[in-house]
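Thanks for coming, everyone. I'll keep this brief. Please have a look at the structure before I start.

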Amino acid sequence: MCGIIGYIGNKSAEIESVNLLKNLEYRGYDSAGVAVILDGEIKVTKAEGKIANLEQLIVSTGANIGIAHTRWATHGKPTEVNAHPHISDNNEWAVVHNGIIENFEMLKQEIETNSGVKFASETDTEVIPQMLEYLSTSHQSTISTFIHACNRLKGVFAIACINKNIPDTLFLAKRKSPLYVAINNDEIFVASDPICFVDKANEYYTLEDDEFCKVSLNCVEFYDINGNNIAKSTIDMKDFEQFKGKEQYPHFMLKEINETPTVLNRIMKTYRDSLGFGKITKEVMQDINKIVIVGCGTAYHAGLMGAKYIEKFVRIECNIYIASEFIYSNPIIDKRTLCIFVSQSGETADTLSAQELAKSKGALTVGLTNVLYSVLAKKVDIVLPVCAGPEIAVASTKAYTAQITILYMLARYLQNIKFNSLFDYIAQIDTLANLFTLPNLQPIQDLSKELVNQKSSFFIGKGFDYVSAEEASLKLKEITYINSSAHPAGELKHGFLALIEDGSYLFVIATDEALLDKTLNSAHEAFARGAKVVLITQLDVDTSKTNFVYKVLQQPKFDDELMPIVSIITFQLLSYYTSVAKGINPDQPRNLAKSVTVE
Ligand code: G6P
């Protein structure tokens, strides 16, 4: 949800900033822009759409300081005029911003009334450079103007800004949106994600909420909200060693699906010893009478699966919420509730607010996150690492598989604690990790070609398979724009059948032997109304029961309870190939961002 960059160094600021920006395109791609200081003046270049459009416009001018931005539009349409950077009326300040300024209307009115300045864009962000200009005369130093201006902002922000009269310095501020700084011998990099620093620096600083930074090649200074200097230490880049870009794959999404076996092995290494769930001890669990899981999007689906695992194996009440609903539902939680927040990025605004609420009610908070330097990881009482490695494609794949694997292991771990049992889930997942292979691609690719012209498609399942149906449907929707929906197999008669037309594709997930017959009965009802039934199963189904089935996507055999980890891969691949067949870039589908950092 918007990515920001800052650069100072001996290379071309335009080229370097835009190259760095490409690492942040997963955060939004409605427009992009860059501002540099050249011969004492600010020079801005902007373009609608993806960074590639901006790249065509930029030329290397010899400037060596710049800021850049890739936008996911919230306030104001995704036009060039609304693209960042925004500049002050006197062309002295240029600003890039990730977040939302909630009081911008009020501030805009104050500035326009008192200074006569007219705003050029519809964005909330423009209030920042205009405010900097407005306050410039009343403050002794530039940093104190900057801090004062930021302190007047309500909302969420990561800000990088330049002033044409101080052409060697970047000014940075952070509240709730992420911001990082890395310093090399002769270069400075600022970014919304330290992934930008791979191969550029060995360590980096993290700005915390309401911290400010003034950085030039000679000096880096951090300040608190009152303008007092604060000391900070750096973080090693070693966590990013595994990141190697797209490698031989045409898209990150395909690469990330293919990484599933590696991820499962990494989970095994992390959770094999007590490092994994070690902090959730028997003593801790003795005080817990309820578990609540919260997440958004795919992470919510992982939570749905986790809740089913926990209730099945631990026999403890486990409620699951979409984060934005949780916040406004006055949830019934207290110090006896264990709240698990599932978030790949660890920076989804609603999930973070939900964690704050749970904490304020005294709950024990656990973060299941893939980004160990994220805000969520810092705020929760206990962190469970997802171990998926950087996930760049907007649609989550390997992180989902990892999340449900870890939630399964957690359920088994809690079961052992509660019932003094010794179920060897480690050995079970070890076997899965070692024997796991990706499904045969040919039938999936064939099916994807058939889906290209479909306007809608449907997914059904029972129990765990119903959750897989929800996630499979979301994946298809996100990256192919096919209107898809998921339904519990037993619910078809309560409305859903009205949607079935001749030739509608119905994906039936049936991996639980005990629920197979019931699921097939439901599928038959849809078939009788014209649906083309595609069955996804690892079971040896009697062909007399499946003579109405159009195609079977046979799955490799693992324990039934692990099948959600296995079967979802087929749907991730099906969505991927359908997206590609439709000429869509599956890594960057329309109107989606990987990190939703505003409510
Ligand atoms: C967005 C992304 C999804 C993701 C969801 C939650 O919608 O496009 O892929 O599942 O946010 O993100 P989180 O980082 O909290 O898991």
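C296 is in no disulfide. The nearest cysteine sulfur belongs to C339, and that sulfur is 14 Å away. The cut-off for a disulfide is 2.5 Å between the sulfur atoms.

One caution before I go on. This is a predicted model.

Now, accessibility of the cysteines. C296 has a relative accessibility of 22%, so C296 counts as partly exposed. Buried means under 20%. C387 has a relative accessible area of 10%, so C387 is buried.

Next, a histidine. Where does H301 sit? In helix α9, which covers residues 297–314. Is H301 buried or exposed? Buried, because its relative accessible area is 8%. And what does H301 touch, leaving aside neighbours within four places in sequence? Y400, V467, E470, E471 and L474.

On to helix packing. I have two pairs.

Pair one is α4 and α5. Helix α4 is residues 127–136, and helix α5 is residues 142–151. Their axes come within 9 Å and cross at roughly 125°. The α4 and α5 crossing is right-handed. Which residues make the contact? From α4, we have M131, L132, L135 and S136. From α5, we have T145, F146, H148 and A149. Sorted by class, that contact has five nonpolar residues, three polar and no charged ones.

Pair two is α13 and α14. Helix α13 runs over residues 398–419, and helix α14 over residues 425–435. They pack at an angle of about 160°, with axes 10 Å apart. The cut-off for roughly antiparallel is over 145 degrees, so α13 and α14 are roughly antiparallel to each other. Here too, the handedness: α13 passes α14 in a right-handed crossing. On the α13 side, the contact is made by T405, Y408, M409, R412, Y413 and N416. On the α14 side, Y425, I426, Q428 and I429 take part. By class, the contact of α13 with α14 has six nonpolar, three polar and one charged.

That's my tour. Questions, please.

Methods: Residues numbered from 1 in each chain as written. Predicted model: local features only at pLDDT ≥ 70, side-chain atom pairs only at ≥ 80, totals over all residues. Heavy atoms only, no water. Axes fitted to C-alpha atoms, helices over the stretch in contact; angles between N-to-C directions. Helix = DSSP H or I, 4+ residues; strand = E, 2+ residues; numbered from the N terminus. Left-handed = near helix turned anticlockwise from the far one by under 90°. Contact = heavy atoms within 4.5 Å. Nonpolar A, V, L, I, M, F, W, Y, C, P; charged D, E, K, R; others polar. Buried < 20%, exposed > 50% of the residue type's maximum accessible area, 1.4 Å probe, protein only. Parallel < 35°, antiparallel > 145°, perpendicular 65-115°, else oblique.
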